[in-house]
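Keep the structure open as you read.

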Amino acid sequence: MNVLVIGGGGREHAMAWKLAESDKVQMVYVAPGNGGTALDSRLKNVPITDVVALREWAQENKIGLTVVGPEGPLAAGVVDEFRAHGLRIFGPTKAAAQLESSKAFSKAFMQRHNIPTAAYEAFTDPKAAHAYVDRMGAPIVVKADGLAAGKGVVVALTLDEAHAAIDFMLLDNKLGVVHNAGEGGQAVPRVVIEEFLEGEEASFMVLCDGKDVVALATSQDHKRLLDDDQGPNTGGMGAYSPAPVVTPQVHARAMREIILPTLKGMEQDGIPYTGFLYAGLMIDPQGQVKTLEFNCRMGDPETQPILMRLKTDFVDVLLAATEHGGLANMELDWDRRTALGVVLAAFGYPSTPRKGDVIHGLPAPQETCMVFHAGTEACDGATVTSGGRVLCVTALAENAKAARQVAYDAIPGIRFDGMQYRQDIGHRAIKPGADGKAGR
């Protein structure tokens with residue numbers, strides 16, 4: 001069959017690469033794709049982003065299966081549009097995607113259904129937000145209520161940082177994120193301010209078919225730009241799978257206390273959930289788990305190492321997941337090795353990434369080392385930077401330490417002006433007593 005991947009980042013490159021491995025696939029199309037998908041003869045880029053135009057193209061080209069990568073098309077209702085015309089697509093509806101597209105919706109949902117998460121309040125009035133922060137103190141977390149490409153969360157360690165974040169997001173609306181209707185139906189910015197949680201973060205992702213759920217391999221990413229988890233938050237500077245912090249006990253607790261109640265709650269609210277569901281977990285030293293956020297998609301860069309480890313035919317997985325109850329008997333087979341990905345970012349990332357730098361030295365794909373493209377495009381016969389996170393060098397080896405060595409050994413041959421990356425991806429999995437083999 002012909003398969004369509006919607007999106008143009010590293011996650012979508014990894015999805016398309018994994019789908020192309022299936023003998024059930026004739027061609028994998030990627031809309032709009034990137035410079036990396038343009039280089040793979042098994043993949044073909046489609047320069048369409050409009051939802052209706054994409055649906056019409058999918059009908060004309062007899063697309064048998066579509067999977068949605070990023071949050072934007074989900075929030076725009078691409079799943080609703082495809083389903084309304086009888087096309088098989090994997091992802092949540094526009095209503096269900098509010099779990100990600102609105103922090104306020106998500107927090108109210110968790111509170112209503114007793115899903116463990118941080119205490120919070122939502123604000124559209126800057127004065128009220130500032131007063132709340134003064135009352136609660138720091139550290140505290142300020143989140144823009146809407147899609148902000150991974151830049152809408154500030155973990156404020158001081159009151160000054162919290163007040164500055166409120167002004168940035170609410171008073172000046174520098175992120176350009178508006179969500180709810182204000183007076184006279186006008187869209188206004190809104191922030192969610194929540195308590196700071198102590199612990200270790202992990203990414204917990206599952207597939208949902210509206211009835212049943214299957215967990216993906218565990219993973220952990222690195223949000224901060226600089227080594228030792230310093231610098232500003234980013235969309236993610238690297239990731240690895242499995243994540244030793246997600247012990248079998250934590251895994252069971254996350255399923256029991258977060259994932260299953262979420263699916264049940266969405267069904268009770270009349271919004272049955274299909275698609276990938278990503279719960280950002282905060283795991284405290286006692287193994288208690290709280291939900292930091294929901295994403296309605298696979299994480300990026302977690303997808304890259306996760307799919308490096310997936311041995312089950314990805315087409316079979318997605319076909320089952322697009323049937324109500326289709327995942328009931330689905331068991332995923334995982335490579336027992338560890339996969340680890342290091343993000344190479346553009347000069348100026350995350351605030352003002354520079355575009356147009358020529359990328360040199362891209363290595364040929366290998367079974368144990370893949371370079372997935374994110375912010376790249378083809379230009380006059382060259383591959384150039386086109387976004388903040390440019391590449392993700394992803395390696396597969398016996399344990400986290402070995403996978404990190406393979407990934408970092410591959411990086412010196414790759415060059416573009418201003419390239420920046422962390423030197424310590426995977427450090428939590430390599431600490432004493434953790435060999436990267438724990439968990440799933």
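A residue counts as buried when its relative accessible area is under 20%, as exposed when that area is over 50%, and as partly exposed in between. Keep in mind that what you're looking at is a predicted model.

C208 has a relative accessibility of 0%, so it counts as buried. C379 comes out at 33%, and therefore counts as partly exposed. As for disulfides, the structure holds 0 of them. C208 is accordingly in none, and its nearest cysteine sulfur, the one of C296, sits 9.4 Å away.

Now on to the open sheet. It has 5 strands, in the order β3-β2-β1-β4-β5, and the pairing is parallel. Which strands are at the edges? They are β3 (43-45) and β5 (89-90), each of which pairs on one side only. Take the β5 end: strand β4 (residues 63-68) runs parallel to β5, and the two share 2 bridges. If you want to find the spot, look for V67, whose bridge partner in β5 is F90.

Helix α1 (residues 10-20) lies across β1 (2-7), β2 (27-32), β3 and β4, and its direction makes an angle of about 170 degrees with β1. Helix α12 (residues 314-321) lies across β4 and β5, at about 85 degrees to β4. The two helices also pack on each other, with axes 8 Å apart and an angle of about 105 degrees between them. Angles of 65 to 115 degrees count as roughly perpendicular, so that is how α1 and α12 stand to each other. On the α1 side the contact is made by M15, K18 and L19, and on the α12 side by F314, V315 and L318.

Next, find strand β7 (residues 140-144). Is it buried or exposed? 5 of its 5 residues are buried, so the rest of the structure largely encloses the strand. In a regular strand, side chains alternate between the two faces of the sheet. With that in mind, look at how β7 is covered: I140, V142 and A144 are buried on one side, V141 and K143 on the other. β7 also has strand partners. It pairs with strand β8 (residues 153-156) in the antiparallel sense over 4 bridges, and K143 has V153 as its bridge partner there. It pairs with strand β11 (residues 191-195) as well, again antiparallel, over 5 bridges. In that pairing, E194 of β11 stands opposite V141.

Last stop: helix α9 (residues 159-171). Its buried residues include A162, H163, A165, I166, M169 and L170. These span an arc of only 160 degrees around the axis, which means they lie on the same side of α9. The spacing makes sense, because an α-helix has 3.6 residues a turn and residues three or four places apart point the same way.

Notes. Residues numbered from 1 in each chain as written. Predicted model: local features only at pLDDT ≥ 70, side-chain atom pairs only at ≥ 80, totals over all residues. Heavy atoms only, no water. Buried < 20%, exposed > 50% of the residue type's maximum accessible area, 1.4 Å probe, protein only. Pairing = 2+ DSSP bridges. Disulfide = S-S within 2.5 Å. Contact = heavy atoms within 4.5 Å. Axes fitted to C-alpha atoms, helices over the stretch in contact; angles between N-to-C directions. Arc of directions from axis to C-beta. Parallel < 35°, antiparallel > 145°, perpendicular 65-115°, else oblique.
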